[in-house]
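Subject: Two-chain model for your review

Dear colleague,

I am passing on the structure below, and would be grateful if you could read it alongside the notes that follow. The notes go from one chain to the contact with its partner, and then to a few local features.

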Amino acid sequence: MRSRLAWLLRRLAQAVPIVVGIAVFNFALLHLAPGDAADVLAGEAGGATPEYVQQLRRRFGLDQPLPVQLGRYLLNVARLDLGFSFRHSMPVSELIFSRLPATLLLMVSAIALAFGLGVLLGVTAARSVNRLADNLISVAALLVYATPIFWLGLMMILLFSVHLGWLPSGGMFTVGADFAGLARATDIARHLVLPAVALALFYTALYTRLMRASMLEVFNLEFVTTARAKGLGERAVAWRHVLRNALLPMVTMLGLQTGSLLGGSVLVETVFGWPGLGRLAFEAVLQRDHNLLLGILLLSSVLVVAVNVVVDMLYAVLDPRIEAAP
Amino acid sequence: MKDFLRRFARNRSAVAGLAVLALVVLMALAAPALYPGDPWDMVAEPFLPPASPGYPAGTDMMGRDIAAGLFHGARVSLLIGLVATGVALLIGVSVGAVAGYFGGLADNALMRLTELFQTIPAFLFAIVLVAIFRPSVATVVLAIGVVSWPPVARLTRGEFLSLRGRDFVQACVAIGMGDTRIIALHVLPNALAPIVVTGSLMVATAILTEAGLAFLGLSDPNVMSWGSIIGAGREVLRSAAWITALPGLAIMLTVLAINLVGEGLNDALNPRLRGR
């Protein structure tokens with residue numbers, strides 16, 4: 001138990017330099033951007049005298065040498081102070097945290113769906129390799145893998161909302177309905193279906209292909225022959241023995257995909273008007289709110305680091321041999 | 001080479017992918033001849049459905065010819081996909097080669113950098129870069145290149161690490177050959193096969209990224225791309241679905257074709273992995 005705690009602390013310590021590096025990087029981007037906060041504010045006020053802009057710079061500490069500004073920025077980031085969004089008249093971090101739950105709900109639903117379907121389809125394909133089921137699954141995976149995620153979302157709206165009228169085409173709640181309790185949860189779930197499936201399908205294709213390859217690899221190992229030799233049926237061999245060992249690369253992939261999932265949710269949330277972080281990023285682009293945009297990038301990167309720590313822990317649970325390694 | 005072609009030609013899906021890809025390249029090349037005007041010009045009445053006389057793909061809400069947009073869009077997608085991949089390969093191979101060949105401190109520092117870039121969510125990073133530096137063909141290409149090099153660097157480093165200790169490289173060192181020459185003339189050519197495969201698949205990803213950026217309005221305002229047609233067409237999705245549907249199909253077919261060709265290259269270049 002103590003060794004596990006020590007391991008976790010060591011793993012967290014490894015993550016610190018990465019987070020600091022990302023923050024420094026964000027600071028550099030903020031300064032490379034044409035125009036600083038004072039220019040933006042002055043523009044906001046509808047033009048200002050050069051003296052006033054100079055005064056603003058002094059007030060924000062923008063006339064200080066760069067290292068001083070960097071130090072101050074890092075201190076602010078450590079206190080989760082990411083500046084102020086003048087477009088929304090709200091602190092950036094507050095704005096981000098108010099939108100985070102919607103994005104997490106979307107991402108977790110999508111990844112759970114993709115993982116489950118991917119395992120199911122991948123195992124099915126591997127068990128009937130080069131036969132009809134395998135070919136159908138592989139072709140479908142190839143097609144979905146090549147489809148732009150936002151276009152898939154739009155086509156799903158066209159089919160399921162416009163033509164069939166089964167599901168709402170956007171938003172997170174029915175406007176003006178004011179449900180409570182279970183009715184509210186059902187309402188959100190109905191709104192969640194299309195965006196979650198649109199986001200999940202690409203990753204389902206990815207996981208299906210990976211699971212199939214991983215299963216085929218493990219099928220060739222000697223312990224599988226042993227399992228067969230002791231009289232286990234093919235179904236038991238595949239689901240109980242091969243699956244467990246073929247899951248490891250899938251877990252690795254899960255960690256690697258967090259960042260890409262965040263990118264995908266920008267597109268999906270924009271298509272479906274889902275009020276999450278991705279839609280906030282899109283609004284920030286439209287409004288040229290660089291401070292907010294960089295805040296989202298920073299916190300998303302930190303989220304990726306956090307998920308990677310969790311995945312490493314999961315890894316140690318799935319394969320106890322790994323924990324021994326530093 | 002002959003052996004490679006024979007192996008590639010035996011893979012039917014790869015050959016089909018190559019045929020589709022050739023068609024898209026032809027579309028891109030023929031665009032200025034078939035549709036010499038500006039694809040942004042209003043040429044007919046708006047909302048003509050597909051298969052209208054003279055406008056096989058119909059027109060959009062501004063009366064622009066969608067077929068012209070599709071042909072010119074092919075140019076933009078392929079060009080940005082190829083050049084952005086070139087940028088990513090240039091950065092990735094350089095970083096990976098230096099890290100893998102020299103090892104030690106350089107390796108440590110460069111891999112830290114790679115890890116940093118790999119942690120930042122790629123598509124979000126590309127959005128930020130293009131938004132901050134104003135959308136143009138150049139910023140889109142550079143942004144896609146900057147966010148997609150880390151896997152190339154890791155791959156190249158791995159290849160270089162394993163080749164570095166081989167006898168033929170040690171022989172080059174022993175006869176006093178310079179590091180640059182060894183890297184460029186002896187190690188790199190032997191590491192090229194997996195890099196080519198990764199590069200070919202990256203073109204597909206780059207095209208999808210460009211389409212996503214253009215859909216969000218982050219593309220050169222003077223250039224018509226498939227993603228930007230979809231971005232404009234979604235406003236009239238209910239009444240004129242073809243404006244959204246057709247460019248999406250074009251993206252899907254192109255990306256599918258490139259993926260098939262990439263996998264064909266992989267099988268042909270790594271004959272040991274065949275049959276998987």
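Throughout these notes, two residues are in contact if their C-beta atoms, placed from the backbone, lie within 7 Å. Please bear in mind that this is a predicted model, and that every value below was computed from it.

Chain B

The secondary structure of chain B consists of eleven helices and zero strands, and its C-alpha trace spans about 75 × 45 × 30 Å along the principal axes. Of the 276 residues of this chain, 50% count as buried, and among its contacts with a separation of 6 or more, 69% are made by residues 24 or more positions apart.

One pair of helices in chain B deserves a description of its own, namely H9(B) and H11(B), whose axes come within 9 Å and cross at roughly 170 degrees. Angles over 145 degrees count as roughly antiparallel, and H9(B) and H11(B) are therefore roughly antiparallel to each other. The residues that meet include B:Ala193, B:Val197, B:Leu201 and B:Leu208 from H9(B), and B:Ile251, B:Val255, B:Ile258 and B:Leu265 from H11(B). By class, the contact of H9(B) with H11(B) divides into 15 nonpolar, five polar and no charged residues.

The contact between the chains

How many residues does each chain bring to the contact? Chain A brings 39 residues, and chain B brings 33 residues. On the side of chain B that touches chain A, the elements that give two or more residues are helix H4 (104-119), H5, helix H9 (179-215) and helix H11 (241-269) of chain B. H11(B) provides the largest share of that side, nine residues, and the residues of the side of chain B that touches chain A comprise 24 nonpolar, five polar and four charged.

Within the pairing of H5(B) with helix H11 (residues 258-272) of chain A, the axes come within 6 Å and cross at roughly 55 degrees, and H11(A) and H5(B) are therefore oblique to each other. From H11(A), the residues A:Gly259, A:Ser260, A:Leu262, A:Gly263 and A:Val266 meet B:Ala122, B:Phe123, B:Leu124 and B:Ile127 of H5(B). The contact of H11(A) with H5(B) has six nonpolar, three polar and no charged residues.

Helices H5 and H6 of chain A

In chain A, the axes of H5(A) and H6(A) come within 7 Å and cross at roughly 135 degrees, and these two helices are therefore oblique to each other. H5(A) passes H6(A) in a left-handed crossing, and the contact is made by A:Leu121, A:Thr124 and A:Ala125 of H5(A) with A:Ala133, A:Asp134, A:Ile137 and A:Ser138 of H6(A). The contact of H5(A) with H6(A) has four nonpolar, two polar and one charged residues.

Loop residues

Most residues other than glycine have a negative phi. Against that background, A:Asn130, in the loop between helix H5 (92-127) and helix H6 (132-145) of chain A, has a positive phi near 65 degrees. With 9 C-beta neighbours inside 10 Å, A:Asn130 counts as exposed. B:Arg134 likewise has a positive phi, of about 65 degrees, and is found in the loop between helix H5 (122-132) and helix H6 (137-148) of chain B. B:Arg134 is partly exposed, with 14 other C-beta atoms within 10 Å.

Lastly, B:Tyr35 lies in the loop between helix H2 (12-34) and H3 of chain B, and is partly exposed, with 18 other C-beta atoms within 10 Å. Leaving aside neighbours within four places in sequence, B:Tyr35 is in contact with B:Ala68, B:Phe71 and B:His72, while the C-alpha atoms of B:Tyr35 and B:Gly69, 34 residues apart along the chain, are separated by 9.0 Å.

With best wishes

Notes
Residues numbered from 1 in each chain as written. Chains lettered and ligands numbered in written order. Predicted model: local features only at pLDDT ≥ 70, side-chain atom pairs only at ≥ 80, totals over all residues. Helix = DSSP H or I, 4+ residues; strand = E, 2+ residues; numbered from the N terminus. Buried ≥ 20, exposed ≤ 12 C-beta atoms within 10 Å, placed from the backbone. Nonpolar A, V, L, I, M, F, W, Y, C, P; charged D, E, K, R; others polar. Axes fitted to C-alpha atoms, helices over the stretch in contact; angles between N-to-C directions. Parallel < 35°, antiparallel > 145°, perpendicular 65-115°, else oblique. Left-handed = near helix turned anticlockwise from the far one by under 90°.
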